[in-house]
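Here is a brief report on one protein model and its ligand. Look at the structure, then read on.

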Amino acid sequence: MGEREEALKVVEIPGRGRSLVASQPLKGGQIVLKDSPIILYSALPLIPASSSYCGHCFRTLPLPPQPIPSCPNCNSERFCNHNCLSAASTSTHTPWLCQSLLRLRHHHHSSSLSLEHQLQARFLLAAHNLANLSSPHFQTLLSLQGQSDDPESAAAAQFILSLISSVCPPPSSGWFSLELSAALLAKDKLNGFGLMEPFSESAQRSVRAYGIYPKASLFNHDCLPNACRFDYVDSASPFDNNSNNTDIIVRMIHDVPQGREVCLSYFPVNENFPSRQKRLREDYGFGCDCDRCRVEAQWSDHEGEEEQGHGEEEEEEEEGEELMDEDVDQTMASSAEPEPESDFPHAYFFVRYMCDRNNCWGTLAPLPTPKSNVMECNVCGNLKNDDQQLSMDDA
Ligand SMILES: C[S@@+](CC[C@H](N)C(=O)[O-])C[C@H]1O[C@@H](n2cnc3c(N)ncnc32)[C@H](O)[C@@H]1O
C-alpha cells in the first residue's frame, strides 16, 4: 500500500465485517485510495464478438484509418495498439481465455443465454484465468466477502459451470468445484465495480466493463457517504500520470476526524428509502441502519419517493494493522455536518454534495489540491465553485 492508503486502516466492526477507518484526520478532496483491478471483464454480450473497446485497457478504440491490431487467434478481440495486444496475452486475453470465449461463442446455446448468464460465464472464465496467472491475486479474490450459500449464486454456478466445462478447454489447474464457483459468483455480486460509459445527458449510462478492485472492495456502504469513487475511463486522470484507464481513485467528500469509518454509497444517493433497503438486502445481504435510514424509516408515507433514482452504477485484503473497537469513532460514516433538528437532517448533503446536472445523480467532492473550493462530480465530471454553494447556504 502506498502513502495515500495509509490514510485508512482495516478494522473489523461487529455487524459490518471489515471496514475502512480514517487512521488520521482526512480532508475533503483528499485521495485516500487508488486501486487497479485484479479481474476485468467486458459487460457486453458474447455475441457479436468484436466491440469498440480495447480488449486490454477497455479504452474506446481509435477510428480508421488508425491501424487496430486484433488477436491473431480469434481475430475478434481488438486492441488500441501492439502494447495492449501483447499485455493482454498474459492478462485479459490469454490463449486459454481466447479459446474458451471462442468456443462459447460458437456453442449453439450461447445466443439464447440471458445477458446475466453470459456475464457470469465471462466472470467465471476470468476467475479461472486469474487462478492460472497469479496465485496471490487469486487468494485475494478468495478473501473477499461472498459465500457459496448465496442461493442465486449457487443456482447460477450449477448452470454456468456445466456449460463452460462442457464447451471450453480445461484450464491447467482444472475446473473449480461447484461450491467454489458459487462462492466466486457471490464475491463478484458483492464486490464487482462497474466501469461506466462516459456520461451523457440524453442517454442512460451503461456499464462497459466489470472489475474486482481488491482494496476498494473493503469499503462498506452508507446512504450518505463521506467518500466517493472516481474513474477516468477514456480520459487521463488529471492527478496521476501513471494511472491506467481502468484504475479507480477514492476521494473524501468532506473532512472527517481520525477513527471515523470511510464509506461509499453503492449506488446513486438519490434513491429513496424503500428502494435502497430493497437493493441492499437483495444485492448485498444486509439491512442498512445508517443515520439517514434511521431518519427516513420514521417517515410514515416515505415521502421523497419522487427522488427515486434510476442510475445503474454498480460496485488485497489489506494486511494493515487493525484498530481496537474503542479506536473507532462510533458516529460512523455520515453526519457530513452538524445535524439540525428536523426530519430531513441530510438536506445539507443533497444541496452541497449532489450534482444538479440533468440525469446525472453524481456526488461532488472537492478537487484534491489543498484547500480547493472547486467541487468535481464523480459521474459527469462537472466542476462547480463551492463558494457559490457556500453563499447559498448562508442565505
Ligand atoms: C464490498 S463488501 C465490503 C467489505 C466487507 N465488510 C468485508 O468484510 O469484506 C460488501 C459487504 O459488506 C457488508 N456491508 C457493507 N456495508 C454495510 C453496512 N452499512 N452495514 C452492514 N454491513 C455492510 C455487507 O455484508 C456487504 O455485502
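## Helix crossing

A crossing is left-handed if the near helix is turned anticlockwise from the far one by less than a right angle, and right-handed if clockwise. The crossing of helix 3 with helix 5 is right-handed. Helices (H or I, at least four residues) and strands (E, at least two) are DSSP runs, numbered from the N terminus.

The axes of helix 3 (residues 115-133) and helix 5 (residues 151-167) cross at roughly 70° and come within 10 Å. Axes are lines fitted to C-alpha atoms, for helices over the stretch in contact, and angles run from 0 to 180 degrees between N-to-C directions. Helix 3 and helix 5 are therefore roughly perpendicular (angles of 65 to 115 degrees).

## Model and chain

This is a predicted model: local features need pLDDT of at least 70, side-chain atom pairs count only at pLDDT 80 or more, and totals for chains, interfaces and linings use all residues. Residues are numbered from 1 along each chain as its sequence is written.

The protein chain has ten helices and 13 strands. Of its 395 residues, 41% count as buried (20 or more other C-beta atoms within 10 Å of the residue's own, with C-beta atoms placed from the backbone).

## Ligand shell

The ligand is surrounded by 18 residues (C-beta atom, placed from the backbone, within 6 Å of the ligand). The closest are Gly 17, Arg 18, Gln 145, Asn 220 and Tyr 284. Strand 2 (17-22), helix 6 (178-191) and strand 7 (220-221) each give two or more residues to this shell. Strand 2 gives the most, with three.

Methods: A residue is buried if 20 or more other C-beta atoms lie within 10 Å of its own, exposed if 12 or fewer, and partly exposed in between; C-beta atoms are placed from the backbone. Angles under 35 degrees count as roughly parallel, over 145 as roughly antiparallel, 65 to 115 as roughly perpendicular and the rest as oblique.
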